[in-house]
Every structure is written in structure tokens, then in C-alpha cells.
Amino acid sequence: MKYLDEYRDPVLARRLLDELRQTATRPWRIMEVCGGQTHTLVRQGIDELLPAGMRMIHGPGCPVCVTPLETLDRTMAIAARPGVILTSFGDMLRVPGTDTDLLSLRARGADVRVVYAPMDAVRLAAEHPDREVVFLAVGFETTAPANAMAVLHAARLGLTNFSMLVSHVLVPPAMTALLDDPDCEVQAFLAAGHVCAVMGWREYEPIAARHRVPIVVTGFEPLDLLEGILMAVRQLESGRFEVENQYVRAVRRVGNPAAQDTVRAVFRVTDRAWRGIGPLPDSGLELAEEYRRFDAARRFDVGGLCPVEDAECIAGAILTGAKLPTDCAAYGTRCTPRHPLGAPMVSSEGTCAAFHAAGRTPTRSTA
Amino acid sequence: MTIECPTPKHEEEVVLLGHGAGGRLTAELLDQLILPAVHGGTGPLEDAALLPGHPGLVMSTDNFVVSPLFFPGGDIGSLAVHGTVNDLAMRGAWPLALSVSLIVEEGLPLSELRSVMTSLGKAAQDVGVPVVTGDTKVVGRGAADRLFINTTGVGQRHELLCPSAALAHPGDAVLLSGPIGLHGTTVLSTREGLGFESDIASDTRPLHRLVRALVPFGADVHVLRDPTRGGLAAALNEIARDSSVAVEIEESAVRVPEAVASACDLLGLDPLVVANEGCLVAFVDAASAEGALTAMRSVAEGAAAVRIGEVLPDGPQGRVTLRTLVGARRIVDMPLGEQLPRIC
């Protein structure tokens, strides 16, 4: 895979950093929306090499982190039921609910399985007609097409023992909500390349125009990020506010229309509460009426949920870029990947986990 | 706070899979439960123990529970031999004898058991170590996952070698004998059908000959360790902790095969924490580093040996840092537990 070498070339990286230092005349603040980008920035230490004063604000783009606690508690309650096979992507297994997490439930006998694609869950349902197979469908626009395909496939197979707990979220409403906040410090965005590979960037154009904010569709390798930051800074320095595409090898303006059609066929846009941020109108996906029979929330009446967020966790402020993980009093002490108080410390895409994995301490903070 | 709305809590009174992953959870289990129960010492936990009262003799034991039993590049039989031979080698020892103990699940096809045992026997023969004793138990269906193997080995130390995880010195060169991440990604890909199986193979192989190549450097070979569970990150952290030194490695020097990098990218795993079964890290006195590298490269198992870093003359004790591709510096932490693939 030549991309790996091409986009991790140390010589080119230093050249881009030099160019960035020559271009930036002010301490710009740029938000990378996606948790994958946060991870690369922190792992490579790119954010510590930026020109003096310039700051990356780590955005709400970790799907694990923004999944509401109530959804997690509902998932645990369903997983604990006899006869259920609860399937999930690996990230979700360690996320703490109010009382427990999926790994602990599995150790106690619940049938919790990691899958690598939602179609694996459909296959499990076909193989185990006597069991209820539930797939926890979280994620942004990136994972929605594959999840929609899984529903269509289950429908074609006539499966009655497959269902999804859908908690999809959409990026543009979150960006708009951030920009509408009068305290918002974000001056430019790096949009998530994978999301745009599906959705294109047309829906970002009105956001850039209305809020006069540059948006650069950016990939995930170190050089992608450096180039994306440089493109954003060039726009900021010249007073432009356009949508530009750094990730030309993967993204077209119209995205992937076939994938979009599949999503539209299975899901419909709905209001959604984001963990740490709160309710945002038209910011999520739920199953369309035609496919409601696959809705695990309807199939399993778990009731009695009482989600309680940890009072000390400042996940909301971190997800919106208002604070850094190292600003949190619990960071690295009472809150660690071993004992996470909130989701950003759990997922490999979570900002707190990325900081912790890179050994960031409050004194080394970039704040 | 009410009874109906409990505050978040962590229920840890059962063993989790992560307790066996070789990271921080494993260390906690050993320190807090297992070692106190057997009155284990407080010194560094080595790959193999010196046999009390028998200077020069080394002993090691290991369980192999890999699933699937067969994977590209190896199988549980050859792995069981290589794993224990390598643990002995990391204390500078040549293998003298092995025991092999089997726990077989009812229903395992005899043809599979025969294939595993044939492979195990061939691996032992290739190493030149006799299997001198063993045991076989069969348990009911569901009581084991097809086949578990325990191997115990006794080895004779090369007279000039006495490496220990506690002997890394400031100024030491850190040498790595080969590419990382092959075993872990191969097994994961084969088990889960991720499609990388045709591109990669486990690096499982014996390392005793590679260690023998280092004999001429004697006491200048301070530490040897094969980075198995927990990968290079766990091995370096253990050495940094046990030797009370700061270790720094260069990201660009650590060879990660393309297929491993691709698989890790897809799954959100860090190649530094992925298991290996056929490479070692050596901490060698700086004066002998070039000679040791040449010696390692003269053996097939060390043909791709490189210098990846050094023990810093000063710096926080127990800390491992990595110079990133773009020239920044970040801490390589001890992995926590089970590696979980990410969502997207």
C-alpha cells in the first residue's frame, strides 16, 4: 500500500511544517472534526509542532464518545437478556454505561461479540434462528451505508431475529451548532475525509458561506493533516472562506450517490441527543417506517433506565473544543483508559484517550 | 444519589479477557493476586527463571491457547515449541529439554490433533531439543477451546551471557531483530476473516541461534526480550521499568510490514502493541552495538536487524518515548489490555 509511505514521508512533513510557519501570521484556531484525525495529530505530535500560538481544537467526531448514555444503558440491558447475541464494533465494548460495560457483561456470561461489519451480524442471525441478534449501530455518515445494507439484506432474507439499536449522528448539524455558539473559537474546519467520501461536500458549502469559515476536506495520514491545516491557514490569511478538498484521492464533491441512496432508503433524519452536547435538531438517523421491525429499541422493552453521567466528567466541554483533556481535574488520575469516567477516554478515537496514549500531562498541554 | 439512580461504578470482581493480554491489566493481576499467593519475589519478571541451586540452568513455562489452531506461517504446535525456546533464549540459554502438556476438548478431530503434534515434533527436532515428558487430558465439550498446550523448558545458559530486564544501562543501543506486528495481525485476520490472510504470515520461529550469535559480545548484551503479548510497547516499558531507565526509539527505524500497517490502520490498532513471536529486542552496550548488529544480521532470524533507539543518559525512569515521523516526541505507554478494533 504505497499511500502509507507517501503520506508519512518525514522529509515532506518537515517541508509542510516549514511552509506552515512561513504562512501563518496569526494564532489561528482550527478544529479537526474527526476523532481519527485527532488521533493522528496527537500520536504524531503534529499539534505540538504548529507555529506559536496556533491551536488545533479537537472536535466532536468520535462516534463512540457522542453516543448517549441512555443508548449504552439500553444496550447493556438488552445484552444481559437470555437468548440475545449482542454484536458491536470493538470500540463500544469498554465504554462505561451507568453501571457496567459490555466487556464486564461478557465476562459474566452475556453473549457479546465483536463484529467487523454489520453484515456479520446479519449472518449470525441467519445461523442462529433461535437467538435474537442485535447490532449496535453507532457512527457518522461513514458507517451508515453499510448498516443500511445490513438492514436491506436482513429484510431480503426475511429474518425476524435480527435488529439494530440505531444511534447514528450527522456531522453538518454539529458543526452548525458549534458555530452558532457565541463562545465558539473555531476559525476553520478540517472536515472528516471518510464522511465526505460518502456524502461529498455540497452540504458544507452553505455552512462555509453563512459563517464565513474555511472548511477543508482532509484525510487521516500525517501529511494529509499537515496539508489540510496549511490549506485552511492559507484561506484564513487571505480572507477566503471556501470548501476545499485536500483528500482528492478519495473524495468527490457529490460523494458516493449510490451509498447515499441506500442510506435514504433505510433511514430517515431525526432529532438526536449527543452525549456531552445535548439535543441537536435533525442531527441523527433512525430506521424508516418500512424497516421499523428491525428496531431493537422497539423490540426490547427494557424500561427502568436511569442514566447518570459522572459529575466530574467534562466530556461535553472536550467534545466541543471548549477544554482540553489536560484541563480536566480527573484526567490521568481518576479518569484513565482503565477507569474511564466518560467516553472520550475509552475509544481509540476519543480525544482524552488519544492524549493519554501519547502521554500528555497537564504541563505538556497545548492549551 | 438514590437507589434507583446509582452512581457509575466499575465491576471488576471477575477476570476479563484483558487480564491475559500482557499489558497493564496482566501486571495488576500478577502483582495483586498471583505473585502474593505463591510468595513470588519482588524482582523483575523475566522471560525465564534461573533455577535455584543450579547455576547456569534456566527454566520457563508457557501456555498456548491460540485460536485458530492453524494460521499462515505456523500453528499452535510449532508456536508452543518456539515460545518456550525463545523465553529460555531471552535469558541467554540454549534449550536442553521440553515438556509438553495437552488439554484437548472432546470432539477435536484426531486428524487436527495429529497435524498439530506432527508440527510440534518437527519444530522440536528443528530446534534440536528433546521432548522428555508430558501429559494429556481430555475435557468435555465447551470446557476448552479445542486444544490448549503447555510447554515447559529447561535451558543451559551460555557462559558469557547473563541478560536481564533489569540490566539496561544509560547509553545502551536498542536493537530490534526484525519487523513487528506479523503474528498478531496474522492470527486476528485469520480468526476474523479480515482478508489480510494471504498477505501476511506469522513470524513464529526459534531465536536461540540468533542469541548464540550474540555470545561473543558477552556481558555487553544487557537485555534480551521477545516482544510477544503487548508487543514492542509492553516489552520496552517492562525493561524501562525494571532497569529504571528512560528509553527512546525512532518511529522511522521500526520496520512495520505494509500488510501489518494496513491491517492496523483498518482496525485502529497500534503496531507497537501487536504481538510478535519471532523477533527480539536487545539492549547492548553502545561500544558493541555495531558488532552485535552485524552478528545478528549474519543469522537468518536477524537478517533485518536494525538499531531503533537508545537508553537516554538521563530522563524519567521507566519512561519510553518515541520520536515521531514528523520529529515530535511522544510517550509510548504500557498497553492496557485487550486490543479492540475501532469503529471507522
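Leaving aside neighbours within four places in sequence, Ser243(B) is in contact with Ala165(B), Ala166(B), Leu167(B) and Ala168(B), where contact denotes heavy atoms within 4.5 Å. The model is a predicted one, in which local features need pLDDT of at least 70 and side-chain atom pairs count only at pLDDT 80 or more, while totals for chains, interfaces and linings use all residues. Residues are numbered from 1 along each chain as its sequence is written, chains are lettered from A and ligands numbered from 1 in the order in which they are written, and side-chain values use heavy atoms, with hydrogens and water left out.

Ser243(B) is found in helix α6 (residues 231-243) of chain B; helices (H or I, at least four residues) and strands (E, at least two) are DSSP runs, numbered from the N terminus. At 11% relative accessibility, Ser243(B) counts as buried, a class defined as under 20% relative accessible area, with exposed over 50% and partly exposed in between (1.4 Å probe, protein chains only). A polar atom of the Ser243(B) side chain lies 2.6 Å from the backbone oxygen of Ala165(B). For the backbone oxygen of Ala166(B), the corresponding separation from a polar atom of the Ser243(B) side chain is 3.5 Å.

Two further local features occur in loops of chain B. A cis peptide bond, with omega of about 5°, joins Ser67(B) and Pro68(B); Pro68(B) lies in the loop between β2 (57-64) and β3 (70-71). Arg146(B), although not a glycine, has a positive phi of about 70° and is found in the loop between β6 (131-139) and β7 (147-157). The relative accessible area of Arg146(B) is 32%, so this residue is partly exposed.

In chain A, strands β10 (residues 267-274) and β11 (residues 278-287) run antiparallel and are joined by 7 bridges; strands pair if DSSP finds at least two bridges between them. Arg268(A) stands opposite Glu286(A) in β11(A). The hairpin has 3 residues between the strands, and Gly276(A) takes a positive phi near 85° in it. Asp282(A), a residue other than glycine, also has a positive phi, near 50°, and lies in strand β11. With a relative accessible area of 48%, Asp282(A) is partly exposed.

Helix α8 (residues 171-180) of chain A is mostly covered, 8 of its 10 residues being buried. Among them are Val171(A), Met175(A), Leu178(A) and Leu179(A).

Between the chains, 52 residues of chain A are in contact with 45 residues of chain B. The area buried between them is about 4,300 Å², of which carbon and sulfur atoms give 55%; buried area is the accessible area (1.4 Å probe) that two parts lose on being put together, summed over both. Arg43(A), Tyr116(A) and Arg338(A) supply 18% of the area that chain A buries against chain B, more than any other three residues. The count between the chains is 1 salt bridge, defined as a side-chain nitrogen of Lys or Arg within 4 Å of a carboxyl oxygen of Asp or Glu. Arg43(A) forms a salt bridge with Asp270(B), the closest N and O atoms being 3.0 Å apart. Elements that give two or more residues to the side of chain A that touches chain B include α2 (10-23), α3 (35-44) and α11 (222-238) of chain A.

Definitions and conventions
A polar contact is a pair of N or O atoms within 3.5 Å; within protein, one must be able to donate a hydrogen and the other to accept it, and residues adjacent in sequence count only if both atoms are side-chain atoms.
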